[in-house]
Amino acid sequence: VKKLVEKFIALFNNNIFNTCYPVLGKAIEVGSGFEGWSPSEKDITYRLLVPLKPPRGHIFHLEPCPMWPMRNFRIGVKFVCTCERERLTGETRCFLHDPKEDQSRKECPNILQDLCSDSYLDVQKVAEWFQKMVKRFWKDLPESFAHQLMVLPSNRSCKFQVLQRWKKRFLIELMFGVQEGDSDIFLSSENTEAAYTPRTLWPESYAVAEMKFFRFIARQAQPDSFHLRCLQLCAQHLLGRDFYTYTVKTVVMHLLTTMPLSDWRKGSLLDRLEDIMQYLQRRLRKRYLNHFFVGNANLPDEIILPLELRMAGPLNMFQHLVDYPDAHQKAWIDFAVL
């Protein structure tokens, strides 16, 4: 899956070289399919985050939009003066101050015209552009001779199915993200938990940090550790319910940093499942569950957070249970089933 996506990105970047479209970074494997567990053992979706970098002569300006429970941003696209840099390199001219470059920019397809709404990066326009590119370049890949491609409907990502001749199927979802500085936190194209996510809203995503966390645990844990199996068992029993799988994932991550990893070895499966249930029960009773990455002193040093998040206090992921009593009652019902 990763090699296929890397070939796509290489074709994209070659095609849009020296244009006013975003440059695509190296895809990052995220989500349960790559972390080693999945709520469903069939039809696993392999998700990758594709970083977007501004084209030459542009910058991305991140504007916070306060909306609980996650931080959300709009991504403004602006021109930037490159006169000094271009003078030193002698490669190209400045969009802002060279008349020829300015005219060329207006005549050619560019990020502001095709991928923005009111100068803000538009998630749906980016997804539609990417889907068209996938269809266009599929025939140029060697895999196209032995595999069948089907692009699936999606407003905020690029989902497609690759079917091999011997009927093995891969479901792949490419999300798009803009990195916050040099941290492991991205503004991503994924949906928020709200009923409607505006086209120019990019929620803050911890998917890359979560992937790094589980890789860190895998290096520290014993080969027979079953922490992922515990997570998978719990997640499977939440399928089709409003009780978020991410809540159980947060509980397991907290326990992995507060209990010895040797306690997750073979022979203690039922004890650890009971620990997960008791921890979740206490949090539901108090209507308070700390976010794993915000305000957590037990976070491994190798996970890089933006300064704002490093300095922030704890964030309650169960605030909606405080604000909406009906949601709290529904959570207890789902917990009882689990």
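**D334 counts as buried at a relative accessibility of 1%, and its side chain meets that of K330 in a salt bridge.** Buried here means under 20% relative accessible area, exposed means over 50%, and partly exposed lies in between, with a 1.4 Å probe and protein chains only. The model is predicted, so local features need a pLDDT of at least 70 and side-chain atom pairs count only at pLDDT 80 or more, while totals for chains, interfaces and linings use all residues. Residues are numbered from 1 along each chain as its sequence is written, and side-chain values use heavy atoms, with hydrogens and water left out. A salt bridge is a side-chain nitrogen of Lys or Arg within 4 Å of a carboxyl oxygen of Asp or Glu, and for K330 and D334 the distance from N to O is 2.9 Å. Both residues lie in helix α13 (residues 325–337), where they are 4 residues apart, about one turn of the helix. Helices (H or I, at least four residues) and strands (E, at least two) are DSSP runs, numbered from the N terminus. K330, at 32% relative accessibility, counts as partly exposed. Elsewhere, salt bridges that share partners join R71, E180, E204 and E308 into one network.

**E29 and R215 form a salt bridge, one of 16 in the structure.** The closest N and O atoms of E29 and R215 are 3.8 Å apart. This pair links distant parts of the chain, with E29 in strand β2 (residues 28–30) and R215 in helix α7, 186 residues apart. E29 is buried, with a relative accessible area of 13%, whereas R215, at 42% relative accessibility, counts as partly exposed. Side chains of opposite charge can pair when their charged atoms come close.

**A salt bridge between D224 and R265 has an N to O distance of 3.3 Å.** Distant parts of the chain are linked by this pair: D224 lies in the loop between α7 and α8 (227–236), and R265 lies in the loop between α9 (245–258) and α10, 41 residues apart. D224 is partly exposed, with a relative accessible area of 31%, and R265 is partly exposed, with a relative accessible area of 35%.

**The structure holds 14 aromatic pairs, and one of them is the edge-to-face pair of F12 and F130.** The two rings are 4.7 Å apart, centre to centre, with 75 degrees between the planes. The pair links distant parts of the chain, since F12 belongs to helix α1 (residues 2–15) and F130 to helix α6 (residues 123–137), 118 residues apart. F12 is buried, with a relative accessible area of 0%, and F130 is buried as well, with a relative accessible area of 1%. Rings of Phe, Tyr and Trp (its six-membered ring) pair if their centres lie within 6.5 Å, and planes under 30 degrees apart count as stacked, over 60 as edge-to-face and the rest as tilted. F12 and F130 also belong to one aromatic cluster, whose members include F8, Y21, W129 and F160.

**The ring centres of F213 and F292 are 4.9 Å apart and their planes lie at 65 degrees, so this pair is edge-to-face.** The pair links distant parts of the chain, with F213 in helix α7 (residues 207–220) and F292 in the loop between α10 (269–286) and α11 (307–311), 79 residues apart. F213 counts as buried at 0% relative accessibility, and F292 is buried, with a relative accessible area of 1%.

**The charged end of R74 sits over the ring of Y120.** Its distance from the ring centre is 3.9 Å. A charge sits over a ring if NZ of Lys or CZ of Arg is within 6 Å of the ring centre and within 35 degrees of the ring normal. R283 lies over the face of Y279, at 5.8 Å from the ring centre.

**Strand β4 (residues 58–66) and strand β5 (residues 71–79) pair in the antiparallel sense over 9 bridges.** Two strands pair if DSSP finds at least two bridges between them. H58 stands opposite F79 in β5. Strand β5 also pairs with strand β12 (residues 202–205) in the antiparallel sense over 2 bridges, and there N72 stands opposite P203 in β12.

**Strand β8 (residues 147–152) and strand β9 (residues 158–164) are an antiparallel pair with 6 bridges.** A hairpin of 5 residues joins β8 to β9, and the bridge partner of H147 in β9 is Q164.
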